[in-house]
Amino acid sequence: MKEFLEKHINILDYALASLWRRKGKNFSVFCVFTLVIFLLASLLFLSRSLLQTAETSLRLTPEITVQRLVAGRQESIPVAYGERIRTLFGVSKVRERVWGYKFNEITGANITIMAVPHLFLEEGHDALTEGAGWKGDEVGVALIGQGVLQDLDLGGRRSFSLFRPDLTLKPFVVSGIFAPETNILTYDLVVIPLADGRDLFGLGPEVATDLLVEVVNPLEIAIIAGKIADILPDTRVVTRPQILKTYKAVFSWRSGFAAISLLSALAAFIILAWDKASGMSPAERREISILKILGWQTPDVLMVRFWESFALALVAFAIGTILAYAHIAFFQATLFRAVMLGWSVLRPGLDLVPVVRAADLVLLFSLSVLPFLAATVIPAWRCASVATDSALRG
Amino acid sequence: MLPCLMRPSRFFAALLVALMALTLFLGYQDRQRARAAIPLHAVHDVLTREFGLSDLCLTTEARYTRHPAVSDDLAPFMDYPGALEYFPSGMFWAPP
């Protein structure tokens with residue numbers, strides 16, 4: 001056992017010295033490999049942490065949301081539908097909600113307007129950085145997110161106006177401002193009383209944007225959703241598990257063009273590594289020949305190549321993964337944010353906690369290091385088995 | 001030769017140990033951050049329950065990227081027949 005270990009340590013010494021001798025070439029391979037692993041790991045960690053954020057932040061999202069579809073598009077839903085849903089056994093509450101978007105023509109930002117029946121968040125609530133919610137039937141008040149505060153350039157003012165469909169102005173007084181810690185949910189949000197929402201969007205009291213249904217037993221969500229779809233066939237019924245499933249599909253790292261591009265980059269790198277390893281320089285071939293004349297066997301030469309590739313790949317993998325973690329944890333995924341935010345005018349920050357699972361690291365290792373080893377060791381085996389005298393003669 | 005007095009394999013082992021220590025330190029930090037985020041979950045629960053919020057505010061460029069969970073399935077492709085989804089954030093994840 002001791003002999004075996006010593007042999008391998010000696011071979012490792014030789015392999016590392018050999019790497020150092022060709023440091024220019026190896027350093028460039030190391031940098032590119034680290035970069036590819038860094039990008040792939042960043043995407044993987046980012047998708048995982050976004051999914052985790054969705055799962056923790058949206059765990060109390062509406063149990064059932066009912067929307068009306070007309071000619072394949074979402075339309076306002078009659079409030080009377082709520083009465084029919086209330087008659088279903090197992091339904092505890094039906095809330096109507098009016099919501100939509102307002103486009104700020106000056107800044108080009110899209111603001112989400114949410115109108116809810118009643119709301120009370122007391123002063124000093126952790127969700128608010130200033131003010132409070134409203135009580136009872138108050139109108140003309142609003143809770144706004146940090147992004148809206150900046151977009152409307154309110155500064156010290158606490159009032160603003162939005163256009164109705166007929167271009168008359170509807171004034172609001174800011175009753176509270178959401179805390180920055182809630183930006184992931186509220187950055188572009190303006191929450192107003194239901195009556196104000198109807199007035200702002202020009203909707204009558206008989207309709208709402210959608211209906212939120214609460215059920216007595218969460219295990220019956222799917223059954224009640226099915227019953228709603230049966231009695232109201234012109235509706236689309238979205239359940240809480242479906243919302244979470246949507247996020248799972250949306251944030252799957254395998255989906256999306258970015259993942260395809262990065263996997264293609266990895267494939268291109270592996271092909272390059274194969275190409276480099278199969279086209280050995282005359283100096284490398286001479287080195288192998290000399291080693292074989294000195295008594296080294298083909299497996300020994302192969303072992304040197306394996307250790308060279310493995311040492312380089314292992315360090316590149318470790319550094320690439322650590323950098324990816326830092327990219328997500330400390331730099332809010334700066335490189336991907338530009339793509340993620342796209343043409344958004346309101347740009348919420350991403351204060352993410354990276355989620356690193358052992359299974360992801362194994363997956364990353366299998367996707368990057370193993371193909372790299374195969375791509376470098378197999379051509380090296382072909383070169384190591386060349387006739388010694390022909391290689392020395394050049 | 002390597003510009004150090006120790007054997008290359010020892011230098012390599014030392015490098016691996018250093019990287020492992022850094023990984024453990026980041027793991028510890030990660031746990032601390034996750035623990036610090038726990039009280040925030042209750043705040044998010046209040047907001048999602050009270051307002052019926054169904055989506056994360058990650059990108060605000062299009063309504064289907066702002067609210068993927070409650071948007072029309074056809075929203076990304078409804079500009080004209082055969083239109084492709086073209087918002088930059090669409091390349092990052094699959095359309096709903």
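This is a predicted model: local features need pLDDT of at least 70, side-chain atom pairs count only at pLDDT 80 or more; totals for chains, interfaces and linings use all residues.
Local features require pLDDT of at least 70 and side-chain atom pairs pLDDT 80 or more, whereas totals for chains, interfaces and linings use all residues. Residues are numbered from 1 along each chain as its sequence is written, chains are lettered from A in the order in which they are written, and side-chain values use heavy atoms, with hydrogens and water left out.

**Interface of chain A and chain B**

- Chain A places 85 residues in contact (heavy atoms within 4.5 Å) with 57 residues of chain B.
- The two chains bury about 6400 Å² between them, and carbon and sulfur atoms give 67% of this area; buried area is the accessible area (1.4 Å probe) lost by two parts on being put together, summed over both.
- Three salt bridges cross the interface, a salt bridge being a side-chain nitrogen of Lys or Arg within 4 Å of a carboxyl oxygen of Asp or Glu.
- A:D13 and B:R7 form a salt bridge, with their closest N and O atoms 2.5 Å apart.
- On the side of chain A that touches chain B, helix 11 (residues 298-329) gives the most, with eight residues; helices are DSSP runs (H or I, at least four residues) numbered from the N terminus.
- That side of chain A comprises 56 nonpolar, 19 polar and 10 charged residues, where Ala, Val, Leu, Ile, Met, Phe, Trp, Tyr, Cys and Pro count as nonpolar, Asp, Glu, Lys and Arg as charged, and the others, Gly among them, as polar.

**Largest pocket**

- The largest pocket holds about 1200 Å³ of space.
- On a 1 Å grid over the protein atoms alone, a pocket is an open set of points where a 1.4 Å probe fits, with protein on both sides within 12 Å along at least five of seven lines; lining residues have an atom within 4 Å of a point.
- Its lining has 42 residues, of which A:Y325, A:V353, A:P354, A:V355 and B:D30 are the closest to the centre.
- Helix 1 of chain B gives the most to this lining, with 15 residues.
- By class, the lining has 24 nonpolar, 12 polar and six charged residues.

**Salt bridges in the whole structure**

- Over all chains, the search finds 20 salt bridges.
- A:K7 and A:D300 are joined by a salt bridge of 3.4 Å, N to O.
- A:K7 lies in helix 1 (residues 2-21) of chain A and A:D300 in helix 11 of chain A, so this pair ties together parts 293 residues apart in sequence.

Definitions and conventions: Helices (H or I, at least four residues) and strands (E, at least two) are DSSP runs, numbered from the N terminus. Grid points are joined across faces, edges and corners, and a volume is the space filled by probe spheres set on the points.
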